[in-house]
Amino acid sequence: MKRLLTCALLALASASMFAGGYLTNTNQSIQFLRNPSRDASIGIDGVYYNPAGVTFLDNGWHLQFNWQSPHQKRDSRTNYGQLFATNYLNPGDPEADGTFSRKYKGRVDVPIQPSLFLAYNKDKWSYQFGFGVIGGGGTCEFADGVGSFEALVGQMARGQLGTSFGGYSLNSSLTGKSYYFAATLAAARQLTDNLSVSLGLRTMYVMNNYDGSIRDITFRTSTGTIIPVPQSYILDCKQTGLGIAPIFGIDYRVNRYVNIAAKYEMRTRLNVKAKASNNEAFNDMATRQASFAPYLDGAKTRVDLPAMLAVGVQVSPIEALRLNVGYHRYFDVDTKQWNDDLLDDTNELTFGVEYDLTDRVEVSAGYQKTMYDQSEANYSDLAFNLNSYSFGFGVGVKVSDKVKLNAAYFQTNYHDHTHTVENVSSTLYHRENRVFGVGVDVSF
């Protein structure tokens, strides 16, 4: 039984993968939602996407507030042969080949994810401030646990009872909450009428919470006798940390038709410290298992945010039309928490178009392709990243010469992936993501 609980809690501890770090939140503005190719655009959200280009805005103050509501599904369907059929309180779903599977649902619903950008331009200088949720951004709840929890209980019950095995049951759950709050101060200057550079410093505060349990475990013999397992294992851990990273930018206006920009964010070195209220059984197990160490009270763990390079081009063949293309590279392999499970860094391509219907109304749409390069060992039912493509569209309306309203919809479609382990089990991973957003720009 002790071996069972060790394995189950190892799976529980791996929830840190869910908490972020592999994919930086680039959806920092409503303009991004309706056109994710913002790397060479000139706008107040350039405080995040193109800080050097903000110098080309008019003199004075520029303010933007964004309100987003992301909703995500992180589902897995796991098959361990006929094992799940022996859960005598909650049998699995029968498959055509005679096996049984079960769907485990992870849900993320964030009613409010804000961001704020502020810039003051004076002649050739621009002084900037930005605030947003750069990583994480919500709570993911696995109300019924995950397949690896149940499989470990069922396999141990079958191994321990042998020919008298008649079934098993358990209650498990996991909730992870993660926020990477970031505040950025930057200054940019036009070196010439066409060339601008920027230097910024981002301070990041990390707040992770993990609550999980495996309890009410019972084994049932072939004669119907119920054998309760008295011990429950409870995880209740909070992690906090602080990190700082420099950001460099450059923007070059080739002519009135073409603008080129680039931004490099250095790696944010983040050490989080745990403050835990786990039960005694969990702590006792954790002191003897290195994988549990990050969740013991006082433990310190690296959760770096990777360095990022963004390059973009904007072309305006006519005054009312802007065409955008961009490239992002996230240097994930260089962050301390990763290992050989990552084969290479993450790459993204973006495309977008903006068109002024009138002097007051602007419409835009765009596309983003995200490509991971990871081994099969990097998939688990607690944390999985899938290649994806995203699209967004929306509108901007000037209600006055000083105020502009923005609204957008953004959707990410992930490529399902089936992960098979030694022909013993298979898990189909599935994700969906939708974001609605509104915002306002004010110049004064």
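**Notebook: aromatic rings and their neighbours**

I began with Trp125, which counts as partly exposed in this predicted model, at 36% relative accessibility. I then looked up Tyr127, which is likewise listed as partly exposed, its relative accessible area being 43%.

Next I turned to ring pairs, and noted that the structure holds 16 aromatic pairs.

How are the rings of Tyr210 and Tyr295 arranged, given centres 5.6 Å apart and planes at 85°? I recorded this pair as edge-to-face, because planes over 60 degrees apart count as such and the angle here is 85°. I then traced where the two residues sit in the chain: Tyr210 belongs to strand S7 (residues 195-221), whereas Tyr295 lies in the loop between helix H5 (280-286) and strand S12 (300-302), so that the pair links distant parts of the chain, 85 residues apart. Are Tyr210 and Tyr295 buried or exposed? I found both Tyr210 and Tyr295 to be buried.

I also followed a cluster that ring pairs build from Phe32, Tyr48, Tyr49 and Phe410. Tyr48, one of the members of that cluster, has a charge over its ring as well, for the charged end of Lys263 sits there at 4.1 Å from the ring centre.

Last, I checked Phe84 and found Arg102 lying over the face of its ring, 5.6 Å from the ring centre.

How values were computed
Residues numbered from 1 in each chain as written. Predicted model: local features only at pLDDT ≥ 70, side-chain atom pairs only at ≥ 80, totals over all residues. Heavy atoms only, no water. Phe/Tyr/Trp six-rings, centres within 6.5 Å; stacked < 30°, edge-to-face > 60°. Buried < 20%, exposed > 50% of the residue type's maximum accessible area, 1.4 Å probe, protein only. Helix = DSSP H or I, 4+ residues; strand = E, 2+ residues; numbered from the N terminus. Lys NZ or Arg CZ within 6 Å of the ring centre and 35° of its normal.
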